[in-house]
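Colleague: Please put the model up. Then let us go through its side-chain contacts.

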Amino acid sequence: MISRDYLSELFSLDGRVAVVTGGSSGIGRAAAGALARAGAKVVVVARKEQELAATVDELTAEGCRAAWVSGDLGTRDGVRAAAEAAAEVFGEPDILVNSAGINLRPPMGELSEEVWDTTMALNLEAPYLLGQRFGPGMAERGYGRIIHITSQQAHRAFVQSGAYGVSKGALESLARSQAEAWSPYGVTCNTLVPGFVMTPLNERLSSDPEKVAALAARTMVGRNGLAEDFAGAVVFLASRGAAYVTGQSVFVDGGLSVH
Ligand SMILES: NC(=O)c1ccc[n+]([C@@H]2O[C@H](COP(=O)([O-])OP(=O)(O)OC[C@H]3O[C@@H](n4cnc5c(N)ncnc54)[C@H](OP(=O)(O)O)[C@@H]3O)[C@@H](O)[C@H]2O)c1
């Protein structure tokens, strides 16, 4: 009993409200599930209603509190509308996870302004706008957790990092700027850095067994990531227990980055 109370004091998210962008697929879906199972009321935000509803149905069937908002986070108006709708469901969020992202990889010389703008809008501007919308309120209430999902390509260029790598590098800087502004008021801001994770984002690569094996060999654990690998890290960063962890990039990559 002592251990249950102790763990609950450190990590329980009972009474918290979370918004998870990209919460209907891959890492975002695993993050939403982990937060909900740890006690938070979770709103998942993405575009496709069927996937959103399936995610929420799975969680509510387990007795969790969850809801969805469909919105396009690729435009500023879309972000603003989705943020208002998300806050209406369970109230202003204590936890924001930015997982919605795209990875378009034309060779650098062919990188168009359109690909640049699309990438920056979803991968960087949406997290910035959502931070502006929710961060000050979190600071006023004295508790907040902002968690961005970045990439190895925030740290080094490979496989045509292009606009994607730039957006993720900037997202890590955004986390530090947000951490500087709001950490004194109980709002921590961090990033989780995946390696290669088997999700729909990587469908094309995941279907090539040789490439999958070669990538797995680059990790220390000896396998590629699964969305579920992010559950513990997300709950930790969202919890009271992580109050002194801020402005950090936390690698959840099986050792890929240090191998
Ligand atoms: N998988 C990896 O190996 C890997 C590696 C490094 C970093 N990451 C990062 O991890 C995050 C999650 O990736 P994932 O692999 O979990 O991807 P995923 O399975 O493809 O999920 C992406 C999510 O983002 C949503 N989304 C995409 N465009 C959107 C838009 N315009 N507006 C609102 N929502 C949108 C998608 O839903 P809808 O399509 O319905 O909108 C979906 O829920 C991304 O930021 C990615 O860059 C992934």
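Modeller: One definition to start: buried means under 20% relative accessible area, exposed over 50%, and partly exposed in between (1.4 Å probe, protein chains only). This is a predicted model: local features need pLDDT of at least 70, side-chain atom pairs count only at pLDDT 80 or more, and totals for chains, interfaces and linings use all residues. Residues are numbered from 1 along each chain as its sequence is written, and side-chain values use heavy atoms, with hydrogens and water left out.

Colleague: How many salt bridges does a search of the whole structure find?

Modeller: Side chains of opposite charge can pair when their charged atoms come close. The test is a side-chain nitrogen of Lys or Arg within 4 Å of a carboxyl oxygen of Asp or Glu. Searching the whole structure gives 10.

Colleague: Which residue forms a salt bridge with Arg76?

Modeller: The closest N and O atoms are 2.8 Å apart, and the partner is Glu125. The pair links distant parts of the chain, 49 residues apart: Arg76 is in helix H4 (residues 76-90), Glu125 in helix H5 (residues 113-141). Helices are DSSP runs (H or I, at least four residues), numbered from the N terminus.

Colleague: What is the N to O distance in the salt bridge of Arg133 and Glu84?

Modeller: This pair also links distant parts of the chain, with Arg133 in helix H5 and Glu84 in helix H4. Arg133 is partly exposed at 26% relative accessibility, and Glu84 is partly exposed at 38%. Their side chains meet, N to O, at 2.6 Å.

Colleague: Is Asp229, the salt-bridge partner of Arg223, buried or exposed, or in between?

Modeller: The closest N and O atoms of Arg223 and Asp229 are 2.9 Å apart. Arg223 has a relative accessible area of 38%, so it is partly exposed. Asp229 is at 28%, which makes it partly exposed.

Colleague: What angle lies between the planes of Phe11 and Phe236?

Modeller: Rings of Phe, Tyr and Trp (its six-membered ring) pair if their centres lie within 6.5 Å; planes under 30 degrees apart count as stacked, over 60 as edge-to-face and the rest as tilted. That rule gives one aromatic pair. Phe11 and Phe236 are edge-to-face, 6.5 Å centre to centre, with the planes at 65°.

Colleague: Which ring does the charged end of Arg218 sit over?

Modeller: The rule needs NZ of Lys or CZ of Arg within 6 Å of the ring centre and within 35 degrees of the ring normal. Arg145 lies over the face of Tyr143, 4.2 Å from the ring centre. For Arg218 the distance to the centre is 5.8 Å, and the ring is that of Phe158.

Note on methods: Helices (H or I, at least four residues) and strands (E, at least two) are DSSP runs, numbered from the N terminus.
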